[in-house]
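Colleague: Please take me through the terms used for this model and the grounds for each.

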Amino acid sequence: MQTYLLSQQFTGSFLAENSTACPENATICDGTSCVLPEDNFNATLSVVLSTVLTIMLALVMFSMGCNVELKNFLGHIKRPWGIFVGFLCQFGIMPLTAFLLSLAFNILPIQAVVVLIMGCCPGGTASNVIAYWVDGDMDLSISMTTCSTLLAMGMMPLCLFIYTKMWTDSDAIVLPYDSIGISLVALVIPVSFGIFVNHKWPSKAKMILKVGSIAGAILIVIIAVVGGILYKGSWIISPKLWIIGTIFPAAGYSLGFFLARIAGLSWDRCRTVSLETGMQNTQLCSTIVQLSFSPEQLELMFTFPLIYSIFQLLFALLILGGYRLYRRFHVKTKTDVEKTEQKEDSTSNAKVNGGFVSSE
């Protein structure tokens with residue numbers, strides 16, 4: 001792993017917060033966080049689970065593609081207003097929010113840099129699964145994830161250059177373009193197959209979608225649990241990063257929703273843009289961090305991507321639960337609408353009772 005050292009201003013701050021005892025076998029310990037040596041079990045587990053999760057993720061994205069109408073998807077590409085709003089949220093709101101949070105909490109320069117890296121990452125694929133469960137616009141969700149991943153190759157260096165210059169030289173941050181490219185391919189190919197299946201065999205696509213949506217929800221939980229197991233030795237970290245990791249995704253969801261609503265998007269698209277904004281590609285952030293910093297620097301912020309991942313999932317589940325409750329008590333289901341239409345058709349010659357619609 002190639003490492004790039006940041007400026008010497010970091011080294012003087014490493015011992016600023018030294019109040020917690022570390023385990024005896026910790027390879028790095030300054031009190032603020034500890035990194036335990038990776039044993040063979042963890043290394044093997046990481047390889048096996050990475051392979052399994054990659055295959056599962058491809059299958060889930062294939063099933064999500066089965067819910068995408070080719071005509072609607074191309075419509076978003078030809079009239080990209082929703083994609084443009086998502087672009088402003090992804091590479092406008094998130095990096096700015098990361099910058100303001102870093103200033104507000106006065107964290108160490110090395111920690112501010114990792115928060116900014118997270119803010120500059122493109123959207124993650126988990127947003128597509130959650131968007132399905134909240135009745136979002138899946139055509140917009142897939143197109144936003146694809147476009148943000150593609151545009152990240154140019155927007156990430158630009159955003160990092162703008163926002164990190166007060167803490168470090170942006171050239172010290174290594175962007176893994178190969179990982180971004182792999183993420184793009186892993187998204188586009190399965191989704192393309194899913195769109196094709198939906199176009200050719202709509203009935204089969206619906207069955208695949210039902211199975212895939214459940215598998216996707218399970219996969220998101222598995223990834224969170226696996227992350228906690230593999231990085232259990234790095235959980236002692238600055239409380240400020242825990243607080244930022246809590247506020248940051250919540251701010252992304254909220255600001256993304258409000259900007260989409262101000263832009264005049266429909267409610268289902270507002271929910272979609274909100275999820276695409278708040279749910280970041282945390283795996284990409286972890287890769288960038290490991291490539292860019294020395295082991296001594298990693299101890300101060302290595303766990304932040306995992307912290308963000310946990311809270312972005314937690315808030316997404318709260319959004320899902322809130323929406324499901326709202327839909328249950330305040331929104332007519334498709335079946336209710338069909339019953340109402342049939343009732344009106346059967347009594348078309350009857351006297352209208354002041355606009356009252358029977359609940360039967």
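**Terms and their grounds**

Modeller: The model is predicted, so local features need pLDDT of at least 70 and side-chain atom pairs count only at pLDDT 80 or more, while totals for chains, interfaces and linings use all residues. Residues are numbered from 1 along each chain as its sequence is written, and side-chain values use heavy atoms, with hydrogens and water left out.

Colleague: What makes residues 140-163 helical?

Modeller: Helices are DSSP runs of H or I with at least four residues. The span 140-163 is 100% helix and 0% strand, with its end C-alpha atoms 29 Å apart. UniProt, in an unreviewed entry, lists 140-163 among its transmembrane regions; such annotations may be inferred rather than shown by experiment.

Colleague: Why is Leu103 called partly exposed?

Modeller: Buried means under 20% relative accessible area and exposed over 50%, with partly exposed in between (1.4 Å probe, protein chains only). Leu103 has 41% relative accessibility and therefore counts as partly exposed. Its place is in helix H3 (residues 81-105).

Colleague: Which residues have the most contacts inside the largest nonpolar core?

Modeller: Val115, Ile117, Met156, Phe248 and Phe304 do, in a core of 41 residues. A nonpolar core is a set of buried Ala, Val, Leu, Ile, Met, Phe, Trp, Tyr and Cys residues joined through side-chain atoms within 4.5 Å. Helix H4 (109-120) is one of the contributors, and its nine residues are the largest share.

Colleague: What does Phe304 touch?

Modeller: Contact means heavy atoms within 4.5 Å. Leaving aside residues up to four places away in sequence, Phe304 touches residues including Val114, Val115, Ile237 and Phe248.

Methods:
Helix = DSSP H or I, 4+ residues; strand = E, 2+ residues; numbered from the N terminus.
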